Amino acid sequence: MGYIQANMAGSIWKILVDIDDKVEAGQEVVILESMKMEIPITADTKGCVKKILFNEGDFVNEGDILIEID
């Protein structure tokens with residue numbers, strides 16, 4: 001099982017995947033908003049989305065696990 005983590009603190013502006021979606025390495029899965037900038041978060045490896053731990057609008061800290069993939 002793998003994890004996709006926030007690489008900086010910010011608000012989740014948009015979640016681009018759903019449960020059971022297949023993702024590829026490098027695919028954008030979440031867009032964070034920080035200091036009025038949109039920061040894309042990408043998957044490091046390919047897999048299937050098993051769990052999304054936050055909702056759009058939630059604030060996350062650097063290192064928080066956003067998505068579990070298998």
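Below are my entries on the sheets, their pairings and the core.

**Ground rules.** I'm working with a predicted model, where local features need pLDDT of at least 70, side-chain atom pairs count only at pLDDT 80 or more, and totals for chains, interfaces and linings use all residues. Residues are numbered from 1 along each chain as its sequence is written, and side-chain values use heavy atoms, with hydrogens and water left out.

**Terms.** Strands here are DSSP runs (E, at least two residues), numbered from the N terminus. I call two strands paired if DSSP finds at least two bridges between them. Strands of a sheet pair through backbone hydrogen bonds, either parallel or antiparallel.

**Entry 1: a sheet with S4 in it.** I looked up the strand order and got S5-S4-S2-S7, an open sheet of four strands with antiparallel pairing. Strand S5 (37-42) and strand S7 (59-60) sit at the edges, each pairing on one side only. I then checked S4 (residues 28-34) against S5: six bridges join this antiparallel pair. Across it, Glu 33 stands opposite Glu 38 of S5.

**Entry 2: a sheet with S8 in it.** Which order do the strands take here? I read S1-S8-S6-S3, an open sheet of four strands, paired antiparallel. Its edge strands are S1 and S3, and each of them pairs on one side only.

I walked across this sheet from S1. Four bridges tie S1 to strand S8 (residues 65-69), antiparallel, and Ile 4 faces Ile 67 of S8 as its opposite number. Next, S8 and S6 pair over three bridges, antiparallel too; there Lys 51 has Glu 68 in S8 as its bridge partner. Last, strand S6 (residues 47-52) meets strand S3 (residues 22-23) through two bridges, again antiparallel, with Val 23 opposite Gly 47.

I also looked at the two faces of S1 (residues 2-5): Gly 2 and Ile 4 make up the covered face, while Tyr 3 and Gln 5 make up the uncovered one.

**Entry 3: the core.** A nonpolar core is a set of buried Ala, Val, Leu, Ile, Met, Phe, Trp, Tyr and Cys residues joined through side-chain atoms within 4.5 Å, and buried means under 20% relative accessible area (1.4 Å probe, protein chains only). The largest one has 17 residues, and Val 29, Val 30, Leu 32, Leu 66 and Ile 67 touch the most other members. Strand S2 (10-15), S4, S5 and S8 each give two or more residues to this core.

**Entry 4: Ile 67.** What does Ile 67 contact, leaving aside its neighbours within four places in sequence? Counting contact as heavy atoms within 4.5 Å, I found partners including Gly 2, Ile 4, Val 29, Val 30, Val 49 and Lys 51.

Conventions. Buried < 20%, exposed > 50% of the residue type's maximum accessible area, 1.4 Å probe, protein only.
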